[in-house]
Amino acid sequence: MYTLGEIAKTINAKLVGDTDIEITGIATSLSANQAQLTYINGKKYKQTLINSKAGAVILNNDLLKNCPTNALIVDDVYLAFAKATHLFKKQVVPYQGIHPSVKTNHAKIAPNCTIGKNVVIGNHCTIASNVVIEDNVTIGNDALIQPNVSILQGCSIGNKVVISPGAVIGSEGFGNAQDQQKHWHSIAHLGCVVIGNNVSIGANTTIDRGTIEDTQIHNGVQIDNLVHIAHNVIIGQDSAIAATVTIGGSCMLGKRCMVGGGTTIASHISLVDDIIVTGASTVDRNLFEQGHYTGFTSISKHQKWKRIQVWLLNLDKIAHYLNIKLKKLKEK
Amino acid sequence: MYTLGEIAKTINAKLVGDTDIEITGIATSLSANQAQLTYINGKKYKQTLINSKAGAVILNNDLLKNCPTNALIVDDVYLAFAKATHLFKKQVVPYQGIHPSVKTNHAKIAPNCTIGKNVVIGNHCTIASNVVIEDNVTIGNDALIQPNVSILQGCSIGNKVVISPGAVIGSEGFGNAQDQQKHWHSIAHLGCVVIGNNVSIGANTTIDRGTIEDTQIHNGVQIDNLVHIAHNVIIGQDSAIAATVTIGGSCMLGKRCMVGGGTTIASHISLVDDIIVTGASTVDRNLFEQGHYTGFTSISKHQKWKRIQVWLLNLDKIAHYLNIKLKKLKEK
Amino acid sequence: MYTLGEIAKTINAKLVGDTDIEITGIATSLSANQAQLTYINGKKYKQTLINSKAGAVILNNDLLKNCPTNALIVDDVYLAFAKATHLFKKQVVPYQGIHPSVKTNHAKIAPNCTIGKNVVIGNHCTIASNVVIEDNVTIGNDALIQPNVSILQGCSIGNKVVISPGAVIGSEGFGNAQDQQKHWHSIAHLGCVVIGNNVSIGANTTIDRGTIEDTQIHNGVQIDNLVHIAHNVIIGQDSAIAATVTIGGSCMLGKRCMVGGGTTIASHISLVDDIIVTGASTVDRNLFEQGHYTGFTSISKHQKWKRIQVWLLNLDKIAHYLNIKLKKLKEK
């Protein structure tokens, strides 16, 4: 907990409002309450600002007149937000062994695991060697956590979940703000990872925690090895994600989606329910219509590929040379 | 070991045959013996069924008349098979320390390793800190197993093998059957991973165990970091697989293949000997002729790329507009 | 330390020069001193050979006349070099616990970490459970090393560095020489990984050590999860590398580059400062001009993609059929 004055000092903001108000955390502009800090980055969020119930808002000076609460005025809102997050990040103290506060029942836990404070492990769980579970993690019944898995602070895992060796649940998201000298300032990710029931997570897969809210893996989702799931992703019920898929920050996948191995989904992409993506594709736009999608270059003999690439990289010029108009094509 | 009656109950099958026969495991339709269960999924395997030596077969009712042995009749064969596999999966009991049954000679083993029952470790092996080796693993002479590696139950590793930090050998394959409610049911993978001599495996690489038979990495294969090798893959002698390659389930690579980094090979693909694949390619068909293959889009300035993609995504319409026929092209 | 005679015997070379000279290590042809061995692979390095200050050089017989120092004559220089590297690789003896020689101050270290000889850990570092730090590693002040990280021998890490769970620093590079029987012989990588200040490294990311010189990650670089950085890569100050990027051996990235997730950069590629690469691209040539680059196939409905690929794989024939000349296109 910090006073607003302390926060203003840390992020180098001009405070307009109550220096002594106590701030207990950070929340989104839509959900922040009177004890929480939020930020508004740009005029397009003006109406959200006007409706905000937050205890304080980080913003630019030109939005001050629309601010219904205490204001922290800065030039670079995102950078100031990045600095503020670190105030509210819980530091984990390295620990060895199984903390006496751990609650469990009929669980088989390898004695060399590391399990932190206030962890709840459901009935009939199996926790293999070298697993590290940080403070305040909750695991449901009948989980199988395989060797060398790391589950970081505060994450929550449902019933009948399998986590394969080397997987990491709750790593920091990759969010960084740049200052004027082009140095990066990391955002401390304050959200967690919430995993539903009957979920399976593959070996050496990594799932990042959310920035403010949680990354969510819904019931029945199957995830293969070496998959990367970034901060604030939501994966809908019964979706299946094959190996080495990369899912960028804030993506939302619907129910029963199937994503083939090696696919990259760019950040902030939405897929509706029942989307199938062939492996090795790049999903560079939202997919709003159910169906089967693909995007990669089929393999050729190398010499042929070289000839094709020459023409492909001149395809716009070919069209121009042949005087083809897009409009005409679409009419056909 | 289960009686056929117990299995029928577990997978909800109608049993035609001997309820009391004892089944000791699951095998493929070609290899199953009288004490083993197999499955036949579809009429195209009718002849295999007729020749089967299995103790029992999971199949659809319409193949019952061709079944030479005990039958377990179900509507969804693959789903029933998935459920049956779990009966035969050995549960590993979490263990700490080095089990007294471990056989070894002149090995240097970090005392904080976890090594299960009936493990054989060859002469002059080095096993670094935090390595987890589950029950019934065999490792040949002169192996170097680096920190935080997990080798799961029953896998077999040859002589002079190097396994880099964080690699996982023998993780579950990504095979799941869907029920009518579109929920996934995992297949318990009963095969192992068999690694030959003089093999090197990179950091955080994952190699899945086979479904029924084994995933095989033959002598002399070199595998880089963060590679994914799915269930039942066979990689031929002296092949080299660069970093972050994804090899889908049941792929077969010949001898002396070289696969560049970042390549994705779709499931069930075969490559003959001496295939070279440029990095970042997608191998979406079998490669039956020796040679050098490539398939990706070369990099461009972003603005140019955007123009090219517009035309690429209309390439079929351009061809149609220009009234080009594939047949004519091929004649040229 | 070996005499040149011992080395000649190991790599099966004809020695022309002083059998008894003592060789303490291997260095590049430009930097090797009188106590070091180097190699010259091909006539294009003739001038480098003539200027060499090395104690001995592995080379082909036809360059012997240009050799100013002791010569080790072989048919296959690269293979002989590969064999020689293993003489100078320090073997790590598996160790448990925190070696008494470790120097540290106000560090919080989980008691179950493994920390080798002559390790220096700066002030106020936090080292979480199951971390393995091999001999001669140096870590600066205020580092946070998360669970299950492996940092291999001799690597050096700056101040305020965060290493996320499961990351591997200093794994062997993927360099192998082929003999006449097409068997691979690994090169023992004698360089290290040198990481600057304010660097962040994601979960399960792997950074390989250099062959002879070091892999370098400069100050302020941000690296996401599951990234592969190969041997001898240099990443310039304040660059940001998103998840699952693959950077091939000996790549050089300038300052403030931003590489999107899922991108593959081929080996030996250079990027100047301030390059932006869209995620999922393949960087298959040097990028010498600042700007934003992209290279992948946008996603389509699968049926449309199939039609497009047919034409794409005939694009060279289409151009020929339409009698389009590249020269004409470029004139436009």
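Helices (H or I, at least four residues) and strands (E, at least two) are taken as DSSP runs and are numbered from the N terminus. The structure is a predicted model, in which local features need pLDDT of at least 70 and side-chain atom pairs count only at pLDDT 80 or more, while totals for chains, interfaces and linings use all residues. Residues are numbered from 1 along each chain as its sequence is written, chains are lettered from A and ligands numbered from 1 in the order in which they are written, and side-chain values use heavy atoms, with hydrogens and water left out.

By these criteria, chain A has six helices and 38 strands, and its C-alpha atoms fill a box of roughly 70 × 60 × 35 Å when taken along the principal axes. The domain assignment of this chain, with bounds that come from an automatic or database source, gives domain 1 (2-88), domain 2 (103-293) and domain 3 (301-331). The centres of domain 1 of chain A and domain 3 of chain A, taken over C-alpha atoms, are separated by 51 Å.

Of the 332 residues in chain A, 60% are buried, where buried means under 20% relative accessible area, exposed over 50%, and partly exposed in between (1.4 Å probe, protein chains only). Chain A exposes about 13000 Å², of which carbon and sulfur atoms supply 48%; accessible areas come from the Shrake-Rupley method with a 1.4 Å probe, and for residues only the protein chains shown count as cover. Among contacts (heavy atoms within 4.5 Å) in chain A between residues at least 6 apart in sequence, 21% join residues at least 24 apart.

In general, two copies of a chain are related by a rotation about an axis and a shift along it. Here, chain C can be laid on chain A with an RMSD of 0.1 Å by a turn of 120° and a shift of 0.0 Å along the axis, the superposition being made by least squares on the C-alpha atoms of residues with pLDDT of at least 70 in both copies. The two copies are therefore related as by a three-fold rotation axis.
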